[in-house]
Amino acid sequence: MKKLVKILIIVMWIALVGGFCTLLGFTNIEQNDSKCKDYVINIDYGKADVLVTRDDIYELVAKTGNPLKGQYNGTIDVEKVERAIKHQPYVADANVYMSLEGMVTIEVTQRQPILRIYNQKNESFYLDGLGYLLPLNPAFSARVLVANGYIPESLFTNLCYLRDSVSLRDSLEFRSVMNNLYKLASFITKDRFLKAQIQQIYVEENGELELVPRVGNHTILLGTPEDLEEKFDRLFIFYKLGLSQTGWQRYNVINIKFKNQVVCSKI
């Protein structure tokens, strides 16, 4: 009796699985034979300015041979569309999926520029929060921190300099300049006060860093981007207890390079 019950249970499960697979097969056939009624493109810009638009994304999709609207779902190459979108330099990630109702949804995440670089060759490009170098967009401009001075780095399209372009060079000086800029720009961008106050980074010939603030007629000598939290804590205290009393125009140089010190030069 028990053996018969087990056999019946097994047969029942086989029938259920078979029925599900058959239903799924019919659903897939029905979906493939139906046409795309419409599509929607959603772009997550995060906190960044617009660098890529819905029209830009659709143009990339169309170039893959997938016009979407009116196209049979079974002929839409979702993976090819995703690869084309991800190849766009301002795109960090992309996902494409189809609904049973014939709607194609394209979800795009834009990269987040944190620094605009002007190098020694008079070239300009962006550095994003993940360390990728991005070309400028002639139609849009990202309002971000600016870096110039002795910067040897050039733009390597679609490369992450932290993993790729830096490893192609043997110069330790080359690596230190770009990594220092990335480390400092990342720190400034994440701090609300510093993001509002610091507008420019200047790289000296010896690789040390200077900062140009928006408020005040002074330059900040930072040195290397080590102990950033401690250095900027000293700067903030000096701003609050020093310049707020003496006036923001009193000094033209504020040196926070040395531990536990703030050294100022008068105008």
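Start with helices H2 and H3: H2 passes H3 in a right-handed crossing. This is a predicted model. Select residues 54–63 for H2 and 78–86 for H3. Their axes come within 9 Å and cross at roughly 130 degrees. That angle makes H2 oblique to H3.

Next, the salt bridges. The structure holds 7 of them.

Select Asp 49 and Arg 143. They form a salt bridge, with the closest N and O atoms 2.7 Å apart. Asp 49 sits in the loop between strand S1 and H2, and Arg 143 in the loop between strands S6 and S7, so the pair ties together parts 94 residues apart in sequence. Asp 49 counts as buried, at 18% relative accessibility. Arg 143 is exposed, at 73%.

Move to Arg 111 and Asp 128. Their side chains meet in a salt bridge at 3.3 Å, N to O. Arg 111 lies in the loop between strands S3 and S4, while Asp 128 is in strand S5, so this pair links parts 17 residues apart in sequence. Arg 111 is buried, with a relative accessible area of 11%. Asp 128 is buried too, at 1%.

Now go to helix H6 and pick Glu 230 and Arg 234. They lie 4 residues apart, about one turn of the helix. Their salt bridge spans 2.7 Å, N to O. Arg 234 counts as buried at 11% relative accessibility, and Glu 230 as partly exposed at 23%.

Select Phe 193, Phe 236, Ile 237 and Leu 241: they make a nonpolar patch of about 400 Å². Helix H6 (228–246) gives the most to this patch, with 3 residues. Phe 193 comes from helix H5, residues 192–197. Phe 193 is partly exposed, at 33% relative accessible area.

Terms used:
Residues are numbered from 1 along each chain as its sequence is written. This is a predicted model: local features need pLDDT of at least 70, side-chain atom pairs count only at pLDDT 80 or more; totals for chains, interfaces and linings use all residues. Side-chain values use heavy atoms; hydrogens and water are left out. Patches are made of residues with over 30% relative accessible area and no salt bridge: like charges are joined within 9 Å, nonpolar side chains (Val, Leu, Ile, Met, Phe, Trp, Tyr) within 5 Å. Accessible areas come from the Shrake-Rupley method with a 1.4 Å probe; for residues, only the protein chains shown count as cover. A salt bridge is a side-chain nitrogen of Lys or Arg within 4 Å of a carboxyl oxygen of Asp or Glu. Helices (H or I, at least four residues) and strands (E, at least two) are DSSP runs, numbered from the N terminus. Buried means under 20% relative accessible area, exposed over 50%, partly exposed in between (1.4 Å probe, protein chains only). Axes are lines fitted to C-alpha atoms, for helices over the stretch in contact, and angles run from 0 to 180 degrees between N-to-C directions. Angles under 35 degrees count as roughly parallel, over 145 as roughly antiparallel, 65 to 115 as roughly perpendicular and the rest as oblique. A crossing is left-handed if the near helix is turned anticlockwise from the far one by less than a right angle, and right-handed if clockwise.
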